[in-house]
Amino acid sequence: MSSQSARQHITLSTLNKIRAARQKFACLTAYDACFTSLMNEADVEVILVGDSLGMVLQGHGSTLPVTMADMVYHTECVKRANTSSFIMTDMPFMSYSTDRDALENAAALMRAGAEMVKLEGGAWLESSTRLLAERGIPVCVHMGLTPQSINRIGGYLVQGRDPVQAENMVNEALQLQEAGA
């Protein structure tokens, strides 16, 4: 019998306690029941249902073709097999271009089994982040190298090496944290 059977479900409260204790936790990506089961056996605290499935499973050259239907389906697959990990799901390209889209699509992912949604961007996400957080939807913001912006930034390039750009990213992160991320 694995130690997994005795482990309680990881929640956002659990993760905040781990963070407060300055301990580390693991976050790995899964798209299906098989890998979710393996991650549960390994006591992985957070499972990300990533839009990277577009490249890993679907054979696309980027994450851009991934749809909400794809993300809902794979979140449901992960949720069905999950016994203890916290589930975070990426919101795919253009699924949060307006506050209304963000709310409707985040709600769909939460209904599918996500416990947090992940958006890519910077300060422009403040309004959507605040709206989702006010409505009870936990938000993680992915900054820096944002695969959904590869056409704008010119490819998969490291971001924030320039001191001014790095300072801007930190300031935007603090702004988004204040909004509820």
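Tutor: Let us begin with Glu45, which lies in the loop between α2 and β2. The model is a predicted one, in which local features need pLDDT of at least 70 and side-chain atom pairs count only at pLDDT 80 or more, while totals for chains, interfaces and linings use all residues. Residues are numbered from 1 along each chain as its sequence is written, and side-chain values use heavy atoms, with hydrogens and water left out.

Student: Why is Glu45 called buried?

Tutor: Buried means under 20% relative accessible area, exposed means over 50%, and partly exposed is in between, with a 1.4 Å probe and protein chains only. The relative accessible area of Glu45 is 18%, so Glu45 is buried. Its C-alpha atom is separated by 8.5 Å from that of Leu28, 17 residues apart along the chain.

Student: What makes Asp43 partly exposed?

Tutor: Asp43 has 26% relative accessibility and therefore counts as partly exposed. Asp43 is also placed in the loop between α2 and β2. Its phi is positive, about 60 degrees, although Asp43 is not a glycine.

Student: Which other residue has a positive phi, and where is Met94 found?

Tutor: Met94 has a phi near 65 degrees, a positive value in a residue other than glycine. Met94 is found in the loop between β3 and α5 (99–112). At a relative accessible area of 51%, Met94 is exposed.

Student: How do you know that the side chains of Arg7 and Asp43 meet in a salt bridge?

Tutor: A salt bridge is a side-chain nitrogen of Lys or Arg within 4 Å of a carboxyl oxygen of Asp or Glu. For Arg7 and Asp43 the N to O value is 3.3 Å, and the pair is a salt bridge. Arg7 lies in the segment before α1 and Asp43 in the loop between α2 (33–41) and β2 (46–49), so the pair ties together parts that are 36 residues apart in sequence. In general, side chains of opposite charge can pair when their charged atoms come close.

Student: What makes Asp90 and Lys118 a salt bridge?

Tutor: The closest N and O atoms of Asp90 and Lys118 are 2.7 Å apart, and the two form a salt bridge. Asp90 lies in strand β3 and Lys118 in strand β4 (residues 116–120), so this pair ties together parts that are 28 residues apart in sequence. Asp90 is buried, with a relative accessible area of 4%, and Lys118 is buried as well, at 9%.

Student: How many salt bridges does the rule give?

Tutor: The count comes to five salt bridges. One of them joins Arg135 and Glu134, whose closest N and O atoms are 3.5 Å apart. Glu134 counts as exposed because its relative accessibility is 54%.

Student: How do you know that the chain has eight helices and five strands?

Tutor: Helices (H or I, at least four residues) and strands (E, at least two) are DSSP runs, numbered from the N terminus. The protein chain has eight such helices and five such strands, running α-β-α-β-α-α-β-α-β-α-β-α-α from the N terminus on. Of its 181 residues, 44% are buried.

Student: Why is Asn171 called partly exposed?

Tutor: Asn171 has a relative accessible area of 40%, so Asn171 is partly exposed. Asn171 is found in helix α8. The C-alpha atoms of Asn171 and Gly122 are separated by 9.6 Å, and the two residues are 49 residues apart along the chain.
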